[in-house]
Amino acid sequence: MITEPSNVTHFLTNSYLSKKRNPDILIPPRSIPPLKSTGQTPVKSAGSARMSKPKLFIPGPVDVAPETYAAMAGPAIGHRGKDFEELYSSIQPGIRQVVGTTRPVFFSTSSAWGVMEGCIRNLVKKKVLNLCCGAFSDKWYGVAQSCGKEAEKIQVEWGKPIEPEAVRAKLAEGGFDTVTLVHNETSTGVLNPLKEIADVVKSFEGVLMVVDTVSSLSAMPINFDELGIDVLLAGVQKAIALPPGLAVLVTSDAALERAGSMEDRGYYFDFCEFASNDAKDNTPSTPSIPHLYALRERVGVMIAEGLENRYARHLATNAMVHQWGARHGFELLPPEGFRSHSLSCFVTPENLDQVGWIKSVISEHGFAINGGYGKIKGKTIRISNMGNETAETMQELLDALDQELPKFLS
Ligand SMILES: Cc1ncc(COP(=O)(O)O)c(C=O)c1O
């Protein structure tokens with residue numbers, strides 16, 4: 001008798017067993033190879049069950065709770081059946097509270113960019129105005145152009161917010177039917193004045209407003225219905241603290257009406273497909289069901305925590321990071337009044353070996369922060385307080401940063 005190596009797990013299917021009895025048919029057993037080593041040096045004091053990977057305090061993806069991973073391992077179900085409809089509809093009440101709407105929230109198995117490009121394809125008939133103040137908002141302008149749309153932008157210096165009156169002046173020139181805004185520009189830590197800009201856009205008839213809340217949704221109050229905007233979208237790997245791979249979106253009646261009149265809006269991100277499938281508690285195409293299990297779990301946690309408490313927790317942990325930075329004389333990139341609640345972006349002091357410090361915090365403490373994004377990479381650092389972080393876990397990070405910092409200051 002041949003014995004299997006002990007490190008090989010295999011499933012003996014019925015067909016394999018029956019074929020095994022016939023010595024003429026040689027079919028190897030289906031096996032799952034042992035996990036390969038990541039080759040990464042294990043960190044010295046990582047937190048819970050993270051194996052050799054550092055805990056992420058980068059501004060997304062962020063750390064995922066073990067309960068969320070466990071939820072993802074729910075049973076395989078077909079997405080055109082009752083079990084799926086129940087899963088879909090069970091998430092709706094909670095996620096609608098998070099988004100501040102009575103309208104359906106659609107689930108897109110994609111990262112946020114899928115929906116961001118979808119907004120352009122579904123809505124821009126005449127010309128889009130992209131409000132640009134950092135890497136993600138700037139890129140949206142490029143994406144609009146690559147979709148073959150007419151696009152103009154208001155460009156402000158990275159680190160500065162968009163001014164509502166500049167939006168008014170530009171829209172007054174005429175010709176626009178869509179505006180894109182990144183609420184919380186993750187690359188710079190700027191929180192744009194959403195309500196003020198939404199009020200300006202609303203005063204222009206026929207202009208739809210699309211808002212990326214990728215790194216602000218669930219970290220601070222956002223109310224789709226009160227804002228009167230037309231699309232709100234977010235990825236789930238930021239403050240919602242799921243692994244990446246799912247985006248959520250809400251659309252107004254006006255957005256659905258516009259989408260319905262667009263002949264070249266495509267299929268995968270077609271807003272009308274999302275809406276007609278939502279009416280059956282379903283998605284246009286096969287979704288990532290594990291992500292939906294996880295979303296159901298996290299939304300339950302958010303509602304149990306209380307959204308107001310959740311916002312207050314983010315504000316408090318964000319303030320801890322600001323105070324920590326102030327103690328070291330680190331300057332925040334965005335001006336006061338326009339600072340993100342979910343991440344902090346500091347200008348790197350000249351006398352700091354930023355790369356060495358970040359590496360050392362990873363290797364010695366198992367915590368990862370980010371060394372800047374896009375054209376301010378190396379010149380800024382970004383620290384996230386999104387998701388499940390508490391005063392205690394943020395303090396662990398700040399202590400680790402403190403411990404390593406003197407070694408990298410000249
Ligand atoms: C504000 C913002 N918008 C859009 C994106 C793009 O998200 P994704 O890469 O998940 O498509 C990001 C990613 O960090 C982001 O922070």
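Mentor: Let's begin with a word we will need: a residue is buried if 20 or more other C-beta atoms lie within 10 Å of its own, exposed if 12 or fewer do, and partly exposed in between, with C-beta atoms placed from the backbone. Buried residues make up 43% of the 410 residues in the protein. What you see is a predicted model, in which local features need pLDDT of at least 70, side-chain atom pairs count only at pLDDT 80 or more, and totals for chains, interfaces and linings use all residues. Residues are numbered from 1 along each chain as its sequence is written.

The protein has 14 helices and 16 strands; these are DSSP runs numbered from the N terminus, with helices (H or I) of at least four residues and strands (E) of at least two.

Is Ser-218 buried or exposed? Ser-218 counts as buried because 26 other C-beta atoms lie within 10 Å. Two residues are in contact if their C-beta atoms, placed from the backbone, lie within 7 Å. Setting aside neighbours within four places in sequence, Ser-218 is in contact with Val-98, Ala-239, Ile-240, Met-302 and Arg-310. Glu-308 is 90 residues away from Ser-218 along the chain, yet their C-alpha atoms are separated by 9.7 Å. Across the protein, 69% of the contacts with a separation of 6 or more join residues 24 or more positions apart.

The axes of α3 (residues 82-99) and α11 (residues 289-305) come within 9 Å and cross at roughly 40°. Here, axes are lines fitted to C-alpha atoms, for helices over the stretch in contact, and angles run from 0 to 180 degrees between N-to-C directions. Angles under 35 degrees count as roughly parallel, over 145 as roughly antiparallel, 65 to 115 as roughly perpendicular and the rest as oblique, and α3 and α11 are therefore oblique to each other. Their contact divides into nine nonpolar, four polar and one charged residues. For these classes, Ala, Val, Leu, Ile, Met, Phe, Trp, Tyr, Cys and Pro count as nonpolar, Asp, Glu, Lys and Arg as charged, and the others, Gly among them, as polar.

Now step back to strand β10 (residues 208-212), which holds Val-211. Val-211 is buried too, because it has 29 C-beta neighbours inside 10 Å. Beyond four places in sequence, Val-211 touches residues including Leu-181, Leu-194 and Val-231. Leu-233 is 22 residues from Val-211 in sequence and 6.5 Å from it in space, C-alpha to C-alpha.

Pro-164, Val-167 and Arg-168 of α6 meet Glu-196, Ile-197, Val-200 and Val-201 of α7. By class, that contact has five nonpolar, no polar and two charged residues.
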